[in-house]
Amino acid sequence: MFSMRNFVKDGFLKAVGKMADYQVILNAASWHEKGVLTEEDLAEIQSAISAKNAVAEDEVPGEMVGVT
């Protein structure tokens, strides 16, 4: 059976890393206001964003040699 909630939530989870974080957050909040997404859904989306950003922060580029 089709679930609009799951459809929208899955779309946002797939958008993490492909869309700017603020776009995902603001669009998800708008679906929450419409009563489609729950606060738990928003927390799951935020967790995906945080996990993506944590991986990006762990990738520190190597030091540049000879640059002053």
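This is a predicted model: local features need pLDDT of at least 70, side-chain atom pairs count only at pLDDT 80 or more; totals for chains, interfaces and linings use all residues.
The protein chain contains three helices and zero strands, and reading from the N terminus its elements follow the order α-α-α. Of the 68 residues in the chain, 18% are buried. Helix H2 covers residues 21-33, which makes 13 residues. From its first C-alpha to its last, H2 reaches 18 Å, close to the 18 Å expected at 1.5 Å a residue. After H2 comes glycine 35, and the phi angle of this glycine is positive, near 85°.

Charged side chains come next. Side chains of opposite charge can pair when their charged atoms come close. A search of the whole structure for such salt bridges finds four. One of them brings together the side chains of aspartate 41 and arginine 5, with a distance of 2.7 Å from N to O. These partners belong to distant parts of the chain: aspartate 41 sits in helix H3 (residues 39-58) and arginine 5 in helix H1 (residues 4-15), 36 residues apart. The surroundings of the two partners can be described as well. Aspartate 41 has a relative accessibility of 1%, so this residue counts as buried, because buried means under 20%. Arginine 5, with a relative accessible area of 35%, is partly exposed.

Aspartate 41 also takes part in a salt bridge with lysine 9, where the closest N and O atoms are 3.6 Å apart. Here again distant parts of the chain are linked, with lysine 9 in helix H1 and aspartate 41 in helix H3, 32 residues apart. In this pair, both lysine 9 and aspartate 41 are buried.

Helix H2 has its own link to helix H3. The side chains of aspartate 21 and lysine 52 meet in a salt bridge, at 2.8 Å from N to O. Aspartate 21 lies in helix H2 and lysine 52 in helix H3, and the two residues are 31 residues apart, so this pair too connects distant parts of the chain. Lysine 52 counts as partly exposed, with 29% relative accessibility. Elsewhere, salt bridges that share partners join Arg5, Lys9, Asp41 and Glu44 into one network.

The aromatic side chains complete the picture. The structure holds one aromatic pair. This pair is formed by phenylalanine 2 and phenylalanine 7, whose ring centres lie 5.5 Å apart. The planes of the two rings meet at 50°, so the pair is tilted; planes would have to be under 30 degrees apart to count as stacked, or over 60 to count as edge-to-face. Phenylalanine 2 is exposed, with a relative accessible area of 58%. Phenylalanine 7, which lies in helix H1, is also exposed, and its relative accessible area is 53%.

Another aromatic residue, tryptophan 31, has a charged neighbour: lysine 34 lies over the face of its ring, at 4.5 Å from the ring centre.

How values were computed. Residues are numbered from 1 along each chain as its sequence is written. Side-chain values use heavy atoms; hydrogens and water are left out. Helices (H or I, at least four residues) and strands (E, at least two) are DSSP runs, numbered from the N terminus. The expected span of a helix is 1.5 Å times one less than its number of residues. Buried means under 20% relative accessible area, exposed over 50%, partly exposed in between (1.4 Å probe, protein chains only). Rings of Phe, Tyr and Trp (its six-membered ring) pair if their centres lie within 6.5 Å; planes under 30 degrees apart count as stacked, over 60 as edge-to-face and the rest as tilted. A charge sits over a ring if NZ of Lys or CZ of Arg is within 6 Å of the ring centre and within 35 degrees of the ring normal.
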